[in-house]
Amino acid sequence: MQSMLPDRSFRTWPIAAPRTLIATCMKDEGPFILEWLAWHKSIGVTDFVVFTNDCTDGTDRLLDRLHDMGELLHLPNPAVSTGETAFQPTALNYAHHLKQMREADFFISMDVDEFLNIRVGEGWLADLFAAVGAFDALSVSEVNHGANGQKGYERGWLLDLFPMHQTMRPGKMKSRRGVKSIVRLSDKVERLRNHRPDMFTDRGPLRWLDGSGRDQKTLPADRSENGLDCRGTYDLVRLEHFALRSLNSYLAKMYRGDVVVAKKQVSRTYWRVRNKNEEASGDYGARLSRAKTYHRDRYESDAGLMALHEACCNAHAARIEELLQKNEFIERRDWILAEAWP
C-alpha cells in the first residue's frame with residue numbers, strides 16, 4: 001500500500017526549528033478562534049490550515065482576514081464541492097496534498113475547542129520533543145472541561161472561564177479517553193486521521209508514545225482504536241478539551257451540528273459524559289501569558305480583525321437568543337438543568 005503523503009524527503013532527528021502543522025475543520029466558531037490560535041502560536045505551532053463550510057456567524061470572514069495576515073491558510077472544505085457529507089475525513093484527505101504538508105515535520109489534527117497543554121520546560125513543543133526524544137507518534141489524552149456552572153455565554157478566554165474538569169485519576173472502568181496525536185512525518189506514515197495516524201508496520205520499528213512519553217501498543221495494534229487508558233498519561237502533555245463551554249453555547253453547538261458528519265446533532269449523552277466539574281489543575285502560567293501577549297500584539301492591534309471578531313460574538317449571542325425561543329432547545333436546556341447540572 002502507498003502512503004497518502006506527497007513524495008518528499010523527510011528530515012532526520014533531531015530536527016532543528018521544526019515545522020508543525022495543525023489542520024482543522026470549523027463551522028460557526030467565530031468567538032473562539034483568536035484565543036485558540038494565539039495559544040498554539042505561543043507554544044510553537046508554525047502552520048495552520050482551516051477548512052470551513054456553511055458558516056453563518058462570520059467565521060469564514062474572520063478566517064479570511066487571518067489568512068490575509070499570514071496567520072493561517074483558510075480553505076473551503078472540499079466536501080462542499082464534491083457533495084460529500086463526511087466533512088472532516090474529506091478535508092484531512094485533501095490536506096495530505098497541500099504545500100504546507102510537504103514542508104511540515106510534524107502534523108496534528110485537532111479542533112478549535114482543544115488546547116495542547118505542554119507541561120514540561122516552558123511549555124513549548126520544542127521542550128516536549130527534547131523530553132521524549134525521537135518518536136513516530138505521540139498520542140495525547142484529553143481532559144474534558146465541564147460547563148463550570150455557567151449558563152449564559154460570556155466573552156472571555158475559555159482557559160480562564162472553565163477551569164474545572166473531569167478527574168485526572170479515574171477508575172479503571174472510566175479510564176478510556178479520546179486522544180489527538182502529534183505525528184512525526186516520515187515514510188512510515190500511511191495516512192493521517194483525526195485522532196491517530198495509520199502507520200506502516202513493515203518499514204522499521206515504531207515508537208508510539210503517550211502523553212507521559214511512555215511506549216504504548218494499543219493504537220498501533222488496532223486501527224479502529226481512537227483512545228487510550230488515560231491513567232498515568234498526563235505527565236508531559238495533555239489535551240484540554242472545552243467541548244461544552246457554557247450551557248447556552250452548547251445549545252448553539254447543538255444547532256450547528258457535528259463537524260464530522262452533516263446533519264448530526266450532539267446528543268444528551270454528549271452533555272452528560274462531558275459535563276464533569278470534579279477538579280481544577282490548569283495553572284497555565286507562562287504559557288497563558290505568552291498567548292495573551294501574542295493576542296494583544298498581533299490581533300488586538302488590527303482594528304479590522306477585531307471588528308470581525310466582535311461581529312462573530314454578536315452573532316453567537318443572537319443565535320442563542322433565537323434558540324431559546326424554540327421548543328427543541330428549551331426542552332434540552334430544561335432537561336440539563338433538571339437532570340445533568342452543574
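Predicted model: local features only at pLDDT ≥ 70, side-chain atom pairs only at ≥ 80, totals over all residues.

In soluble globular proteins, nonpolar side chains tend to be buried together. Here the largest nonpolar core holds 50 residues, and the members that touch the most others are Trp36, Leu66, Leu116, Leu138 and Ile182. Which element gives the most to this core? Helix α1, residues 33–41, does so, with six residues. Apart from this core there is a second, separate one of 25 residues, which includes Ala23, Phe51, Leu75 and Leu98.

Leu66 deserves a look of its own. Leaving aside residues up to four places away in sequence, Leu66 touches Ile33, Leu34, Leu37, Glu71, Leu72, Tyr299 and Leu305. If you select Leu66 and these neighbours in your viewer, you can see the contacts for yourself.

Now for the aromatic rings. A pair of aromatic rings is described by the distance of the centres and the angle of the planes. The structure holds 15 aromatic pairs. One of them joins Trp36 and Phe48, with 5.8 Å from centre to centre and 70° between the planes, an edge-to-face arrangement. Because Trp36 lies in helix α1 and Phe48 in strand β2, this pair ties together parts that are 12 residues apart in sequence. Both Trp36 and Phe48 are buried.

Why does the pair of Trp39 and Tyr284 count as edge-to-face? The ring centres are 5.8 Å apart and the planes stand at 80°, so the pair falls into that class.

Elsewhere, ring pairs link Trp13, Phe106, Phe129 and Phe135 into a cluster. The charged end of Arg274 sits over the ring of Tyr270, at 3.8 Å from its centre. Lys292, in turn, lies over the face of Trp157, 5.5 Å from the ring centre.

Next, turn to strand β5. How many of its five residues are buried? Five of the five are, along residues 114–118. Cover comes on both faces: Glu114, Leu116 and Ile118 are buried on one side, and Phe115 and Asn117 on the other. Leu116 is also one of the residues that touch the most other members of the largest nonpolar core. Strand β5 runs antiparallel to strand β13, residues 237–241, and five bridges join the two. Glu114, for instance, has His241 in β13 as its bridge partner.

Gly133 is found between α6 (125–132) and β6 (137–144). Beyond residues up to four places away in sequence, Gly133 touches Trp13 and Arg207. That Trp13 is a member of the ring cluster described above.

Finally, the charged side chains. A search of the whole structure finds 27 salt bridges. Arg19 and Asp47 form one of them, at 2.8 Å from N to O. Arg19 belongs to the segment before β1 (20–26) and Asp47 to strand β2 (residues 47–52), so the pair links distant parts of the chain, 28 residues apart.

Arg231 and Asp229 meet at 2.6 Å, N to O, with relative accessibilities of 34% for Arg231 and 36% for Asp229. Arg296 and Asp297 have their closest N and O atoms 3.1 Å apart; the values are 45% for Arg296 and 47% for Asp297. To close, salt bridges also form a network, which links Glu190, Arg191, Arg193, Arg196, Asp198 and Arg223.

Conventions
Residues numbered from 1 in each chain as written. Heavy atoms only, no water. Salt bridge = Lys/Arg side-chain N within 4 Å of Asp/Glu carboxyl O. Helix = DSSP H or I, 4+ residues; strand = E, 2+ residues; numbered from the N terminus. Buried < 20%, exposed > 50% of the residue type's maximum accessible area, 1.4 Å probe, protein only. Core = buried A, V, L, I, M, F, W, Y, C linked by side-chain atoms within 4.5 Å. Contact = heavy atoms within 4.5 Å. Phe/Tyr/Trp six-rings, centres within 6.5 Å; stacked < 30°, edge-to-face > 60°. Lys NZ or Arg CZ within 6 Å of the ring centre and 35° of its normal. Pairing = 2+ DSSP bridges.
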